Amino acid sequence: MTRGHLLRNILRVALLCLVASFVLAPMVATVLGGFKTNAEIRTNAFALPASWNWEFYGSIVSDPAFWRYLGNSMLISSVAVTLTLIVGAAAAYVFAQIKFFGSRMLFSYLLLGLMFPFATAILPLFIKVRDVGLLDTWWAVILPQTAFSLSLAILLFRTFFEQLPKELFEAAYIDGCGYVRFFWRFTLPLSAPILATVGVFVFVQSWNNFLLPLVVLNSREVFTWPLGMMQFRGEYVTEWNRTLAFVTLTLVPAIVFFLAAQKYIVAGLTGGAVKG
Amino acid sequence: MATAATSRRLPASERLRRSLGNGRVSAILILLPPALILFTLFVILPLGESGYYSFFNWNGYGAPSDFVGLENYERIAGHSIFHKAVGNTVKIVAVSLLIQMPLALALALLIFRKTPTNAVFRLIFFVPYILAEVAAGLIWSFVFDGNYGITASVAQSLGMDSLFILADRDWAFVAVMTVIVWKYFGFHMMIYIAALQSVPEDLIESGRIEGAKRLQIVRYVQIPHIKPAIIVSAFFAIIGALQVFDVIIPLTNGGPSNQTHTIVTYLYTFGLTRLNIGFGSAVGVILFVAAITVAVFYQRFFMKGDKA
C-alpha cells in the first residue's frame, strides 16, 4: 500500500467513525441513562454512571404490565404475519398459476394498497372498527394491518411463484393433485425464502406500528409496547432514567431480532422496497 | 395432447365439470376471496368512506347527516396550521433529497465493498432504521431535553444557558428533521450499497487504468450506473415524508404552538382527537391525492421503461 493510499484510508475510517458516533451517541446515552440517578443525568448525560443502579431496569422488568405490552405486541404481530402469509400467498398463487378472466384486473386492484399511505383511511377505519364492536381488541389492529400488508406480499409472492418450475405442477397434476393441495404441499414449502422475507417485513411493521394501535386501542390491558412506552413516559415525565431504561429494554429485542434475521430484513426492506 | 383434444370436443357442461374436478375453479373460489374481502373491507372501503365523510360535518356518532359540501376542504385550505404542516412536509422532502440522500450516497461509496470493517459500519448505520419510530422519537426527545439531555450537557460545558430546542418555535422542526435524517439515512444507504455492488468491477478498473480520478469514477461510472436505485430511494423519501407521524408525537406532539405538524399529525390532532371525522377525512383525501399525484408523476417522468 502506498502512503497516499494509507492516508486516504485513515481519513475514510475517521469519517466513518464520526458518522458512527452521531448514530450511536443517542443510543449509548439512553442505555447509560437507565443506570443513572436523575441528578446525575442532569449534570452529565453522557458519561459512564458513577454507580451502576440496576433498580430502574429491575422495576420495569418486574412490572407485569411491561411484559403484557410485549406479549400483546408479540401476539398481534404473529397473527398479522401468519394471516398475511397465508392469505397473501393463496391469492398470489392463483394469479401466478391460474389464468382466468379478470385476473389481471383483480391483481391490479389488490396492488392499489401500494399507492397510498395508511393514514389516509385511518378515520373511517376507526369508525368501522368501532361500529363492528372491535374497538379495544387485538383484531382491530390485526385485520387492518394484514389488509394493508397484502399488496406488497402478493406482489412479491407472485413474482416468486412464477419462477417455480412449471414441470413440478404438471407432474403433480398427473398424479391427481389438484390446485389447492398443490399450493399447500408444494408451493408453500418451496417458497420458504420469500415467505421469510415478507414475514420479517410484516412483523417489523406490525411490531413498530404506532398510529393504528393509538387510534383503536384504549385500555392498558390490550396496549402494544409503543403505546405502553408512551404511557410510561407520561407517568414519569420528570424521571428520565425510568423512561430511558424502558426504551433500552425495548431496543434490546429489536436489535437481537435484527442481528438474527439480518439477511431477511435487508432483503425485505431494501430489495423488496426496490421491487415495489 | 390427446386429453386436450378430447376435452375440446366435449359439451360445455362436461368441460365445466372437468375443470371443477381438477380444482381450477374451486381453487380460485377458495384461495382468492380471503384476500379480496380483507383488502376491500379494510383498505378500499375506508378509503371510499373518507371521500364520503369529507362532505359532512360529523362527530362520528349516528349517521352523517349534516352535509356541508366542500366546506371542510375550504376550512383546511384556509387554515394556517395546515399550511405550516404542508410546508413542514416539503421541508422534510428537501432535507431528504439535499442532505440525507447525498450523505447516504457518500457513505455507501465508502463502504459498499465487502470487507469486515465495512460490514460493521453498515450494521451501525442501519440500526436507527430498524428501531421503532416512537422509540427513536423518545430517545431524541431526551437528547434535546433542555434540563437533562445531551444538548443540555453540551450547552453547559460550553458555558451557555440551557437550550430548549424542542420548545423553540424556530428550532423545533430543525430538531425533528435531524431525527428523521438520523433514522432513515441508513435505509437509503442500503439501497445504494446493493446497487453499487452490482457495478461491474472491470468498469471501475478500466476507468482507473485510463487515469480517471476517484471522484471522476464516482461521477461518470458509479452514479450513472446506480441511477435507478437513486430514483427509487428518492421516491421513498417523498412518500415517507408524506407519512411522518410517529417520530413527531414523542418529540414535540406538533408543538410548540403547532409549529411542527406534518400532514398526518395534523389529521390526527384536528380530525381524530377532536372527533371532527368529516374534517379529518377531508385531510385524508388530500393526503391520498398528494400520494397518488407523486406516484403517477414519478412513474411518468422517472420510471419510464425501466421497471426498477
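Chain A has a mean pLDDT of 89, and 96% of its residues reach 70 or more; pLDDT is the predictor's confidence in each residue, on a scale from 0 to 100. Among the elements of chain A, helix α4 (residues 64-97) has the highest mean pLDDT, 96, while helix α13 (residues 240-275) has the lowest, 80. Helices here are DSSP runs of H or I with at least four residues, strands are runs of E with at least two, and both are numbered from the N terminus. This is a predicted model, in which local features need pLDDT of at least 70 and side-chain atom pairs count only at pLDDT 80 or more, whereas totals for chains, interfaces and linings use all residues. Residues are numbered from 1 along each chain as its sequence is written, and chains are lettered from A and ligands numbered from 1 in the order in which they are written.

Chain A splits into domain 1 (24-53) and domain 2 (64-275), with bounds that come from an automatic or database domain assignment. Their C-alpha centres lie 36 Å apart. Nine residues of domain 1 and eight of domain 2 make up the contact, where two residues are in contact if their C-beta atoms, placed from the backbone, lie within 7 Å. On the domain 1 side, α1 (3-33) and α2 (38-43) of chain A each supply at least two residues, and α1(A) gives the largest share, four. That side has three nonpolar, five polar and one charged residue. Ala, Val, Leu, Ile, Met, Phe, Trp, Tyr, Cys and Pro count as nonpolar, Asp, Glu, Lys and Arg as charged, and the others, Gly among them, as polar.

Now for the two chains together. In all, 75 residues of chain B are in contact with 77 residues of chain A. On the chain B side, helix α4 (residues 33-53) of chain B gives the most, 13 residues. By class, that side has 58 nonpolar, 13 polar and four charged residues.

One spot where the chains meet involves A:A90, A:A91, A:Y93 and A:V94 of α4(A), which touch B:A27, B:I28 and B:L31 of α3(B). This contact has seven nonpolar residues, with no polar and no charged ones.

Finally, there is A:F46, in the loop between α2 and α3 (55-61) of chain A. Neighbours within four places in sequence aside, A:F46 is in contact with A:A29, B:I150 and B:S153.
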